[in-house]
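Please consult the structure shown here before reading on.

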Amino acid sequence: MKNPFDPNRKPLWWPEDMRVPTALPHQPGTKIEKFVLLINPFYPKDPHASFGKHVLTPTLAMTSIAGATPADWHVEYWDEDLLQGPVPTAQMPVLVGIMVHLTFARRAYALADWFRANGVKVVLGGLHVLSCPDEVQGHADAIVVGEGVQVWPRVLRDFEAGQLQARYAATYERSYDLDPPPRRELLARQSYLTTTSLIATRGCHNRCGFCYLSTEGLQMPYRVREENDIRQQFEKDKQPYAVFIDNNLGSKPEYLRRLCRALAPLEKIWSAAVTLDVTDDPSLVRDMALAGCTGVFIGFESLRSEEH
């Protein structure tokens with residue numbers, strides 16, 4: 001077998017569509033009142049990884065924002081990672097929400113700048129906004145620092161009143177049960193392995209150096225959502241498989257046990273991120289298996305016991 005670390009090794013196949021974003025829209029169309037467009041920007045795909053990894057499940061950030069959007073607004077969601085071409089602009093929104101992470105910050109800024117140049121107000125949120133709000137501010141009419149679901153209705157009210165603020169901040173203290181469920185019906189269902197991405201908990205009891213939860217100044221308490229609500233979301237989406245995208249679904253073992261017992265009657269399968277200490281209780285691992293858990297994602301910060 002050829003040495004995969006050989007610098008003279010033939011480059012891997014890397015199609016242009018997977019490494020270069022589509023061109024920005026050519027021409028703005030007609031503005032539609034009370035129309036908001038939510039965008040998940042493109043980022044280059046790793047030729048060493050499966051493309052399926054990038055379309056495993058949709059982000060919950062934007063569908064959750066959509067869930068918090070008042071019923072008298074028309075909302076659409078565009079995921080650039082599905083490689084569908086340029087963002088549609090035949091009908092122009094009056095407001096655009098764009099998620100910003102470090103991996104695709106430049107693309108998010110390019111999209112934001114284009115929409116602003118064409119008279120559309122832009123709101124930016126996401127992890128990079130939390131980490132670098134002053135940098136992000138220059139590309140937006142408004143930024144949201146923290147959990148956007150809490151403040152999104154206020155953002156829309158201020159926009160309608162012509163009083164959009166430059167910065168909105170949300171804490172992490174509010175009960176997670178108060179958040180509306182995500183609007184998964186906005187998703188291109190055939191384009192993902194499953195559209196049932198779920199978040200049952202927020203936060204983690206650990207602060208691993210590689211995780212965004214260790215960001216200086218970030219105080220995020222561990223919160224859980226009522227387990228029957230999670231079961232209902234899973235059941236309603238009518239998919240056989242779900243992915244929990246929680247930071248650590250097992251941070252509160254007794255909650256995980258209750259969740260497993262709520263999910264078991266569905267006879268569906270799921271996977272989740274946990275830490276290795278979930279195996280300290282074999283009965284909990286058994287409950288997970290009986291509830292349909294077929295895989296877990298575990299991050300190892302070090303393989304050396306003295307650095308544990």
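Four strands form an open sheet in the order 9-12-13-14, with parallel pairing. Strand 9 (197–198) and strand 14 (293–297) lie at the edges with a single partner strand each, so one side of each has no neighbour in the sheet. Strands (E, at least two residues) and helices (H or I, at least four) are DSSP runs numbered from the N terminus, and pairing requires at least two DSSP bridges between two strands.

The model is predicted: local features need pLDDT of at least 70, side-chain atom pairs count only at pLDDT 80 or more, and totals for chains, interfaces and linings use all residues. Residues are numbered from 1 along each chain as its sequence is written, and side-chain values use heavy atoms, leaving out hydrogens and water.

Strand 9 is joined to strand 12 (residues 241–244) by two bridges, and Ser-197 stands opposite Val-243 in strand 12. Three bridges link strand 12 to strand 13, where Tyr-241 faces Ile-269.

In strand 13 (residues 269–273), four of the five residues are buried (under 20% relative accessible area, 1.4 Å probe, protein chains only). Four bridges join strand 13 to strand 14, with Ala-273 opposite Phe-297.

Definitions and conventions: Buried < 20%, exposed > 50% of the residue type's maximum accessible area, 1.4 Å probe, protein only.
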